[in-house]
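Student: Could you help me learn to read salt bridges in a model? I would like the general idea and then the case at hand.

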Amino acid sequence: MSPLNFDNYSRAGDVAVIAICIVIIILLTTSYVSRTRSFYIFINVIASLVLAAIVNISFHALLASNHPEMYNAAYVLRILYQSLLFDVFFLFALYTTEVSGLEHRKARFVAILSASLFIGIVAADIIVTLAGYGFRIEADGSVSNRTNLFVIGYILYVILIAVLIRRVESLLYKRVVYGFYGTMVVSVTLRFAQLVLGQSSLVTMTFVFPVIAMLYIMHSNPYNVTLGSVDIHAMEDMIRTMYNRKEQFVFLSLLLPEYDEEGREIPEEIRAQIRWFAGKFFRHGVLFKISNGHVILMAPTRRNPDFKQRIKEMLESFQVQFQRFRRPYKIVIGSSIEEISRKNEYASLIRSIFRRMPENSIHRVGPDDISSFSREEYILQQLMDISAKRDVNDPRVLAFCQPVFNLQTGRFDTAEALMRLKLDETGLVFPDQFIPLAEDHGCIHALTEIILNKTCR
């Protein structure tokens, strides 16, 4: 076989790999990406692919030069190329354990197994090559490859990673898992299609497809891969789109108060149930994470015409899980509302209802909730305006002094300052109606300054 046509190789495939990796690096350096351990593993994958492509180009260039004195260098480059590709497989395995949050003991076992496979395949390839039973360059420049250990190693690593993804499937959002499976199928299919056609130009490229999946799914996609949720901005975008299309939807909101604090995280066993609920009961449902302990599931009613029955089944299943975990909760259920959709204020509406709800209760949104929310929004608007102006003479802020009777002296010897709001559309507003809003939106300090100035004059 002519060295010029060995495996029908063309350097275009490896040049494309280098170009794609450079584009990925540019995207990573010009956008915000969390510098987690999985991110650095990802960077190492890209580096190994770039080096592998460069080495493969150099290897085939040496073969094409047909200089016997360069054959030893060609052997070294070939081993190095395959080692770099198996290193990518090794890093894929580490990456999967990292992003899935696999238990440390199991993750260490996977790392040892993957490293052992890497060392075993590379060592075996070196041995059979030295023994003359593997890759060989003849004196006339022709090439033979009697024992293709690379294909064997490739198959073993694909099986290892497929089994690993299967094992961590319960720890990840299903669509993320399907994304990885899909790109693996494309890569493996292309690799074996090349074997059938006697081609090797796109071997390195088959490793790029999972890298693209990693870039999109893990580092640029809004999904929280362990919860299966997207953020509030994605929810607002979905609501805006559905409102413009005049599509109706149903929503179910869950609040776990004890986890809805900075630095708290919902435990994995509860996250697993939330993932299951999000994918089990509604077609085309999307889960949104509003805060640490607050999620909202939205699903189009045209895809779920029997949504009332689905909600009933979901709540029955939820009560079973509540008996298991015994964690305080609040649930709000409703359908799309024209006024709220137009203003894109579902998160605020639901938070408003949560404030009035007792724990371990389920509430269905009704007309009274919309009226209360509109009133609350008006009060908040006035609070924000009062806070921005900080006018000590603002007529909307009223100060009252309530005498305090001293039982020891038998006299009224001090007074307590009380605050009220007097607004045009609502009249007198009492503290229980505006203090929580002021605290949540950072207006409480401005109100305190105003009331102190009014009472001290």
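**Reading the salt bridges**

Tutor: Asp237 has a relative accessible area of 43%, so it is partly exposed (buried is under 20%, exposed over 50%, partly exposed in between, with a 1.4 Å probe and protein chains only). This is a predicted model, where local features need pLDDT of at least 70, side-chain atom pairs count only at pLDDT 80 or more, and totals for chains, interfaces and linings use all residues. Residues are numbered from 1 along each chain as its sequence is written, and side-chain values use heavy atoms, leaving out hydrogens and water.

Student: Which side chain meets that of Asp237 in a salt bridge?

Tutor: The rule asks for a side-chain nitrogen of Lys or Arg within 4 Å of a carboxyl oxygen of Asp or Glu. Here the partner is Arg240, at 3.7 Å, N to O. Arg240 is also partly exposed, at 43%.

Student: Why are Asp237 and Arg240 separated by about one helical turn?

Tutor: Because they sit three residues apart in helix H8, residues 232–244 (helices are DSSP runs of H or I with at least four residues, strands of E with at least two, numbered from the N terminus).

Student: Where do Glu268 and Arg271 lie?

Tutor: Both are in helix H9 (residues 268–280), three residues apart, and their side chains form a salt bridge at 2.9 Å, N to O. Glu268 is partly exposed at 23%, whereas Arg271 is buried at 13%. Salt bridges also link these two with Glu265 and Arg275 in a network.

Student: How many salt bridges does the rule give?

Tutor: The count comes to 20.
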